[in-house]
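Thanks for making time this morning; I would like to walk you through one structure, taking a helix to begin with and a metal site after that. Please have a look at the picture before I go on.

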Amino acid sequence: MRTQRQVVDYSLQKRATLRELRTGRIGTYEACDASPYLMNAARYHGEQTDQRCPVCSRENLWHVHYIYGDELKQSAGQARRRAELPVLAMTYREFSVYVVEVCRGCGWNHLAEQFLLGRDGVTDPDPQHRREAAE
Ligand SMILES: [Zn+2]
C-alpha cells in the first residue's frame, strides 16, 4: 500500500514463542488461546494466507487487520478486510494497523506486523509538482 510506513515486523518474537512452545516452556493452551472474537474476526474479515499453521500444521493461517487511531472514533479497534485499507488510508490522515495471524484450527495467534497508513504518508511522485508546491 502506497502510504504504508513505520512497519514493525514481529517474526523474531513469533520464532521465540514457537521455540518456547517446542521446548515446553509454555503450553499450547497459552499460545493457542485465540478468543471467540478473534476467531470470528478471522472468519468474517480475515484473509487466508498460504502459510501453514506453525503449531498444528493442519490449517493455513488467517490474517486479521485491526485498525487503531484517534481519528477513527468508534471504528477504532475494529477488524477490517485488507481490501478496505487503501480506502481508509485516503480518508484518514494517520492510523495504525495491527496484523494478527490466527489459526482457525487450533487457535494459535500472534501479532505478525504493525504499520501506519493514512494520507499523511502520501508523497507526490511528480518532481515538477513538488517544486511548484515548494515555491
Ligand atoms: Zn493451528
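Predicted model: local features only at pLDDT ≥ 70, side-chain atom pairs only at ≥ 80, totals over all residues.

The buried residues of α1, by contrast, are Lys-14, Thr-17, Leu-18 and Leu-21, and seen down the helix axis they fall within an arc of 100 degrees, so they line one face of the helix. What covers the buried residues of α1? The cover includes α2, which is residues 28-31, together with β2, β3, β5 and β6. The length of α1 also agrees with expectation, because its 12 residues, 11-22, should span 16 Å at 1.5 Å a residue, and the end C-alpha atoms are 16 Å apart. After α1 comes Gly-24, with a positive phi near 80 degrees.

Now to the zinc ion, whose protein donors are the SG atoms of Cys-53, Cys-56, Cys-103 and Cys-106, lying 2.3 Å from the metal. The donor atoms subtend angles of 107 to 117 degrees around the zinc ion, which makes the arrangement tetrahedral; the ideal angle for four tetrahedral donors is 109.5 degrees. In sequence, the spacing of the donor residues is C-x2-C-x46-C-x2-C. Distant parts of the chain are linked here, since Cys-56 sits in the loop between β2 and β3 while Cys-106, 50 residues away, sits in the loop between β5 and β6. Of that pair, Cys-56 is buried, at a relative accessible area of 16%, whereas Cys-106 is partly exposed, at 23%.

Definitions and conventions: Residues numbered from 1 in each chain as written. Heavy atoms only, no water. Donors = N, O, S within 2.8 Å, 3.2 Å for Na, K, Ca; no water. Tetrahedral: all angles 85-135°; square planar, octahedral: opposite > 155°, others 65-115°. Helix = DSSP H or I, 4+ residues; strand = E, 2+ residues; numbered from the N terminus. Buried < 20%, exposed > 50% of the residue type's maximum accessible area, 1.4 Å probe, protein only. Expected span 1.5 Å × (residues − 1). Arc of directions from axis to C-beta. Contact = heavy atoms within 4.5 Å.
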